[in-house]
Amino acid sequence: MPVTLTVNGTTHRLTVQPTAVLLDVLRERLQLTGTKKGCDHGQCGACTVILDGRRVNSCMVLAAMKDGSSVTTIEGLAEDGRLHPMQQAFIEHDAFQCGYCTPGQIMSAVALLEEGRANTVEEIREYMSGNLCRCGAYVNIVAAIQQVLA
Ligand code: FES
């Protein structure tokens, strides 16, 4: 099926299988491997991207149904060679260990920032609850987000 996606500001015209999920199109067709595959069924948040202004688990989105959509991945956050403030805060707060979940964590945190719906520690934890970290870096992840929100 033909599908046009604008990913990190670049428009791509692709032909995809009807069953192809956005995660696999990003990683395998566009070589944007920053978006990670963890559970592959909507449970872990490793595949989080921002789709038309809303965060989604890209493993749960059929690419063919998003013709004309815009996607932002972790590769699209830095501008002019400078990290996004959320990326910088994750570094400053050591908000990762193995790093596998980090792209998804950061994309959710950026969505939180853009939506402006979470301010307290409890609200941040609730908003971020769909992004699992097997290393348990949650305290530092929340601290990084708080720094950017402040
Ligand atoms: Fe998509 Fe786990 S890989 S939620």
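## The model and its confidence

What you have above is a predicted model, in which local features need pLDDT of at least 70 and side-chain atom pairs count only at pLDDT 80 or more, while totals for chains, interfaces and linings use all residues. Residues are numbered from 1 along each chain as its sequence is written.

The mean pLDDT of the protein is 97, and 100% of its residues reach 70 or more; pLDDT is the predictor's confidence in each residue, from 0 to 100. For the complex, the predictor gives an ipTM of 0.98 and a pTM of 0.97.

The protein is divided into domain 1 (2-76) and domain 2 (85-149), with bounds that come from an automatic or database domain assignment. Between the C-alpha centres of domain 1 and domain 2 there are 21 Å. Twelve residues from domain 1 and twelve residues from domain 2 make up the contact, where two residues are in contact if their C-beta atoms, placed from the backbone, lie within 7 Å.

On the side of domain 1 that touches domain 2, strand β3 (residues 48-51) gives the most, with three residues. Helices and strands here are DSSP runs numbered from the N terminus (helices H or I, at least four residues; strands E, at least two). By class, that side of domain 1 has six nonpolar, four polar and two charged residues. In this scheme Ala, Val, Leu, Ile, Met, Phe, Trp, Tyr, Cys and Pro count as nonpolar, Asp, Glu, Lys and Arg as charged, and the others, Gly among them, as polar.

## Helices α3 and α5

Helix α3 (residues 102-115) packs against helix α5 (residues 138-149) at an angle of about 35°, and their axes are 11 Å apart. The axes are lines fitted to C-alpha atoms, for helices over the stretch in contact, and angles run from 0 to 180 degrees between N-to-C directions. The crossing of α3 and α5 is right-handed; a crossing is right-handed if the near helix is turned clockwise from the far one by less than a right angle, and left-handed if anticlockwise.

Which residues of α3 meet α5? They are Q105, A109, L112 and L113, and their partners in α5 are I141, I145, V148 and L149. As background, an α-helix has 3.6 residues a turn, so residues three or four places apart point the same way.

E115 also belongs to helix α3. E115 counts as exposed because it has 12 C-beta neighbours inside 10 Å; the cut-offs are 20 or more other C-beta atoms within 10 Å for buried, 12 or fewer for exposed, and partly exposed in between, with C-beta atoms placed from the backbone. E115 and R54 are 61 residues apart in sequence, and their C-alpha atoms are 8.7 Å apart in space.

In helix α1 (residues 22-29), the buried residues are L22, L23, V25 and L26. Their cover includes β1 (2-7) and β2 (10-15).

M1 sits in the segment before β1. M1 is partly exposed because it has 14 C-beta neighbours inside 10 Å. Setting aside neighbours within four places in sequence, M1 is in contact with T15, V16, P18 and A64. The C-alpha atoms of M1 and P18 are separated by 6.3 Å, although these residues are 17 residues apart along the chain.

## Loops and a buried strand residue

Back to Q31, which lies in the loop between α1 and β3. Q31 is not a glycine, yet its phi is positive, at about 55°. Q31 is exposed because 9 other C-beta atoms lie within 10 Å. D94, in the loop between α2 (85-92) and α3, is not a glycine and also has a positive phi of about 55°. D94 counts as exposed, with 12 C-beta neighbours inside 10 Å.

Beyond four places in sequence, V56 is in contact with V49, L51 and V61.
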